[in-house]
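The following report describes the architecture of one protein model. Please consult the sequence and the coordinates shown here while reading.

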Amino acid sequence: MRSERTTCPTCGSAEVRKHGHNRQGQQLHRCRDCRGRFTGLTGTPFSGYRFPTEIIALAVRWYLRYRLSYAAVVEQHAARGVPVDPSTVFAWVREFAPRYEGAARPFRRAVGSSWSVDETDVKVAGAWAYVYRAIDGHSQVVDVYVSARRATEDAVAFFRRAIAATGVVPTGVATDCAAAYPPALAAVLPGAAHETGKQVQQPIERDHQHLKGRLRGTRGFKTLAGARVLCRGHAFLRNVRGGCYDLGRLVDATAASRLPLVLRAWDALTADLRGH
Ligand SMILES: [Zn+2]
């Protein structure tokens, strides 16, 4: 992995020289042509952060993957000699969880056309909010949408987003037949077969338990945005672990192939976001 840039991110010139270090201790370079100064992270999402990329990547993965509050992630970093505060970890997760998901999107395996859909509830600022989730026939989480209500328009919004995000128009949808679903399906997916009943609902209800398990490590959310980041990020990591992304083009299969898939994938996505 290269740690230095060989070309200027501003003008593309190769006439770059080392030029001391910035306040974060990162190597600075200076372009002889445009006189711009930059680090190896300039122009990447990790630019301008006080902490190294590896620390940010670790904090985001820990928070999405394990039953940890922001304070618990802080404690884990403190144990490694990294003094960071909860609001910083919060800001990293808010910023980077969607970026990792976006970096992985081109590698996502096709989503199936038979969806099992249901909503589960979470506490946001002391009130209930609803997490719409769908899985396909291979237990891939199709999409996740958090709403303060569960009216027809929320179910409609969920289906529209899920179709836009996956490029898949389902031919069959299973729900618990909550009142919102039949009109929502009529509006968005009039051609899809609608199945209802306990039996067809079991896979998604079982899948909710993974999210519920993760949420046990938190004390509810203060904002809908916070709930969205974790509910979506949690589903993303589950899909990564479940092999729903073909990261073969990113992940070096020979190096570190004994590491768990999620670690290799995270390192590869971090490198991709960093530009090398
Ligand atoms: Zn330049």
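In this predicted model, Val93, Arg94, Ala97, Glu101 and Ala104 of helix α3 meet Val229, Gly233, Phe236 and Val240 of helix α7; contact here requires C-beta atoms, placed from the backbone, to lie within 7 Å. The residues of this contact divide into six nonpolar, one polar and two charged. In this scheme Ala, Val, Leu, Ile, Met, Phe, Trp, Tyr, Cys and Pro are nonpolar, Asp, Glu, Lys and Arg are charged, and the others, Gly among them, are polar. Helix α3 spans residues 86–104 and helix α7 residues 224–241, and the two pack at an angle of about 35° with their axes 10 Å apart. Axes are lines fitted to C-alpha atoms, for helices over the stretch in contact, and angles run from 0 to 180 degrees between N-to-C directions. The crossing of α3 and α7 is left-handed, that is, the near helix is turned anticlockwise from the far one by less than a right angle.

Residues are numbered from 1 along each chain as its sequence is written. Because the model is predicted, local features need pLDDT of at least 70 and side-chain atom pairs count only at pLDDT 80 or more, whereas totals for chains, interfaces and linings use all residues.

The protein chain has eight helices and eight strands, which are DSSP runs numbered from the N terminus (helices: H or I, at least four residues; strands: E, at least two). An open sheet of five strands has the order β6-β5-β4-β7-β8, with mixed pairing. Its edge strands, β6 and β8, each pair on one side only, where pairing requires at least two DSSP bridges between two strands. From one strand to the next, the twist averages 25°. Helix α6 (residues 198–215) lies across β4, β5, β7 and β8 and runs at about 35° to β4. Helix α7 also packs on the sheet, touching β4, β5 and β6, and its direction makes about 170° with that of β6.

A second open sheet, of three strands, has the order β1-β2-β3 and antiparallel pairing. Its edge strands are β1 and β3.

| Strand pair | Residues | Bridges |
|---|---|---|
| β4 and β5 | 114–124 and 127–135 | nine bridges |
| β1 and β2 | 16–21 and 27–31 | four bridges |

Asp121 has Tyr130 in β5 as its bridge partner, and Arg17 has Arg30 in β2.

Most residues other than glycine have a negative phi. Arg35, although not a glycine, has a positive phi of about 65°; Arg35 lies in the loop between β2 and β3. With 10 C-beta neighbours inside 10 Å, Arg35 counts as exposed. Cys177 has a positive phi near 65° and lies in the loop between β7 and α5. Cys177 is partly exposed, with 13 other C-beta atoms within 10 Å. A residue is buried if 20 or more other C-beta atoms lie within 10 Å of its own, exposed if 12 or fewer, and partly exposed in between.

Of the 276 residues of the protein chain, 36% count as buried. The C-alpha atoms fill a box of roughly 65 × 35 × 35 Å along the principal axes. The average pLDDT, the predictor's confidence in each residue from 0 to 100, is 90, and 96% of the residues score at least 70. Confidence is lowest in strand β3 (residues 37–38), at a mean of 87, and highest in strand β6 (residues 141–147), at 97.

Definitions and conventions
Contact = placed C-beta atoms within 7 Å.
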